[in-house]
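Visitor: I am new to this structure. Please take me through a single part closely, then on to its surroundings.

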Amino acid sequence: MNQSPENVDPICGMTVDPSTAAARREYGGRTWYFCCAGCATKFQADPEKYAGSAEAAPPTEEAPAGEKKPSEPSPDAKATYTCPMDPEVRQAGHGSCPKCGMALERQMPAAEDEEEDPELRAMTRRFWVGVVLSAPLVVIAMAHMVGRSFFPQTSQAWIELSLATPVVFWCGWPLLVRGGRSIITLKLNMFTLVSIGVSAAWGYSIVATVLPGIFPVSFRGEGGMVAVYFEAAAMITTLVLLGQVLEQRARRRTGTAIKALLGLSPKTARVIRPDGREEDVPLEQVQIGNRVRVRPGEKVPVDGKVLEGRSSVDESMISGEPIPVEKQPGDKIIGVTVNGTGSFIMESQRVGSDTLLAQIVQMVAEAQRSRAPIQRIADVVAGFFVPAVVLAAAITFIVWAIFGPAPALAYAIANAVAVLIIACPCALGLATPMSIMVGVGRGAQSGVLIKNAEVLEIMEKIDTLVVDKTGTLTEGRPKLVSVIPAEGLNENGLLRLAASLERGSEHPLAAAIMAGAKDRGVELVEAQDFESVTGQGLVGTVDGRRVLLGNRKLLDGAGIDPGSLAARAEELRREGQTVMFVVVDGQPAGLLGVADPIKDSTREAVELLRRDGVEIVMLTGDSRTTAEVVARSLGIERVEAEVLPQQKNEVIKKLQSEGWQVAMAGDGINDAPALAQAQVGIAKARRLSRATMRNIRQNLFFALVYNLLGVPLAAGILHPFFGVLLSPIIAAAAMTFSSLSVISNALRLRRVRL
């Protein structure tokens, strides 16, 4: 979506699609569009105030000194960035979401290797500076609490001030900006409390350092000094930055699959100019109608059709069929498929974003854009929690100021600040990203590759598993499975003639036959008068005998009747085998059957999933005959065969519309759209999912219960009964402990058994 003045919300600066706008208003001879009814109401109250800002771009954070500003040109200045929580938020270049405050992420990862995300790099640098300054600050503060001191009391507060201030106002500047913006736009979120809590802790400590006399005696230590809480402000900032770094790293992983797909395209294409001259040009310079030469072993650069030449092309990445497809003039050809031993000239018909690969990448990107619902809990809770905490702090201040003992104002300030500090939701912010980060890493150690964070939530809920056949249930490569000699020959004799003839071919079926001969210990000899008949088979002389090896077309062309072998060949085909006839000296000599065998681990995996209550559906681009053979052998009842890549995700959508929670196991480009459309691409991740989701729920429970209990304690609810007050320093320590408990609990996932 273009970021034009016509579709920019004048209140919050968010880009709005007019067709899906939450509200619209007429003013000044034009229509104004809004992301929500609240913005529309605010605009209607004083339209003249906001109309003048409509021409401005949505607000973005100012970059500190030494960092590139959004207005400066950059390699991805034109790239569109979107919010992972609110996909309708889009803008050119980096920034943060005007609704939830999260860092925006690139809508479509680039194919080329990019340098690390500037947002992540800047946040990481701020975090480590925060660690370096906060560590000695905490040591100094804690030592003082246990009765030891490294510095004179009169100077310690100023030393803590010098360490905490850069942490709060440089390291934590993005957090303060997001929190301030959330207050201005009335879109309260986690950053609202973060900024309020940090500002309150730092501001309180400044007052305590500069004007200690306004505080009651009970808040003074030896020497008459009032305790300060600079370490609380610094620790809050540093821990929230840690959460941001962990979350951005996890989100950055979601573009890996798309980059891998984009990287499959060749970088150049050999274009034939009108004058016959040939030159290699960058792929993006290939235009519709260009004549392109594809040499042996090369990837097809774009979609088109064959003009001249013949070859066999490996289309398994697209169709799932492991047997190469013969191509001749007039046949369609798909980009990123792999040419065999022949050479041909093609006409480019679809280039750039119109190619099949580009369309698949787009489908993957759109399907990946959703986020795990549980990750949104923190912000949803914060939407209610923030005003509740602010209200609680205000009530605490008022009650203590009116009814508290003298000096009432000092008690009111201290307790209100304690409420804000203890309610700072850093544990809430760490709860989900920390568990996801550890869970994804634990899965990678065991070969469980997680598509994105949504995987870990949905996996435990799936009840339907869609599996690709080729390369998932099967090994994905042809293998010799049948050797059937006619009368007068034995298996090894037939295989010796056929495999010796195949030594002159580089066809994948030839590799399967020769591998089969090697496994059986058959010695091969050189073939004479070798000839390859495109699309039919081979002819040559082995041990002085004329041998033909190929399909029925080859025999028909030579005028040879296969006799009873024809019926046997049909039986093998019904079993999912690719059948080749062998003819020796003009007489049918036998059959060879090549198939893609089922993996050794498949049956056990299918049985385990079935026992776990998961319905299994086979989805494949292969022929129905072959697919049903595999399905019967595994006890799979539902089969969707001969499905094109573009249709696979439609099958997934249909299952989802029927109410099923769908997972898919597959490999190859042909499965990419369906893997993205399915709630999750599955390997053996159910156990990891359950452990991670259990861990996330524990973390959220810890964080929420901590705040629910901590706020009334900080407000002084126990003081009338027991004379107990929770000072800001205890509140800060409790806040830190809650964050550490969340992190420690998440790290337990590294030991989960898969």
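Visitor: How many residues does helix H16 have, and how far does helix H16 reach from its first C-alpha to its last?

Guide: First, the ground rules. This is a predicted model, where local features need pLDDT of at least 70, side-chain atom pairs count only at pLDDT 80 or more, and totals for chains, interfaces and linings use all residues. Residues are numbered from 1 along each chain as its sequence is written, and side-chain values use heavy atoms, with hydrogens and water left out.

Now helix H16. Helix H16 covers residues 491-502 and has 12 residues. Helix H16 reaches 16 Å from its first C-alpha to its last, close to the 16 Å expected at 1.5 Å a residue. Helices (H or I, at least four residues) and strands (E, at least two) are DSSP runs, numbered from the N terminus. The expected span of a helix is 1.5 Å times one less than its number of residues.

Several residues of H16 are buried, among them Leu494, Leu495, Leu497 and Ala498. Ser500 and Glu502 are buried too. Buried means under 20% relative accessible area, exposed over 50%, and partly exposed in between (1.4 Å probe, protein chains only).

Next, helix H24. Helix H24 runs over residues 686-715. Its 30 residues should span 44 Å at 1.5 Å a residue, and its end C-alpha atoms are 44 Å apart, so the two agree. Gly716 follows H24, with a positive phi near 95°. Asn707 lies in H24. Asn707 counts as buried because its relative accessible area is 3%. The C-alpha atoms of Asn707 and Leu428 are separated by 9.3 Å, though these residues are 279 apart along the chain.

Most residues other than glycine have a negative phi. Val336 has a positive phi, near 75°. Val336 sits in the loop between strand E11 (332-333) and strand E12 (338-339). With a relative accessible area of 1%, Val336 is buried. Asp529 also has a positive phi, near 50°. Asp529 is in strand E16 (residues 528-533). At 57% relative accessibility, Asp529 is exposed.

On to charge pairs. Side chains of opposite charge can pair when their charged atoms come close. A salt bridge is a side-chain nitrogen of Lys or Arg within 4 Å of a carboxyl oxygen of Asp or Glu. By this rule the count is 23 salt bridges. One of them joins Asp280 and Arg295, at 3.8 Å from N to O. This pair links distant parts of the chain, 15 residues apart: Asp280 is in strand E7 (residues 278-282), and Arg295 is in the loop between strand E8 (291-294) and strand E9 (303-314). Asp280 is partly exposed at 43% relative accessibility. Arg295 is partly exposed, with a relative accessible area of 30%. Glu298 and Arg295 also meet in a salt bridge, at 2.9 Å from N to O. Glu298 is partly exposed at 24%. A network of salt bridges links Arg270, Glu278, Asp280, Arg293, Arg295 and Glu298.

Another salt bridge joins Asp303 and Arg350, whose closest N and O atoms are 3.1 Å apart. Asp303 is in strand E9 and Arg350 in strand E13 (residues 343-350), 47 residues apart. Asp303 is buried, with a relative accessible area of 4%, whereas Arg350 is partly exposed at 35%.
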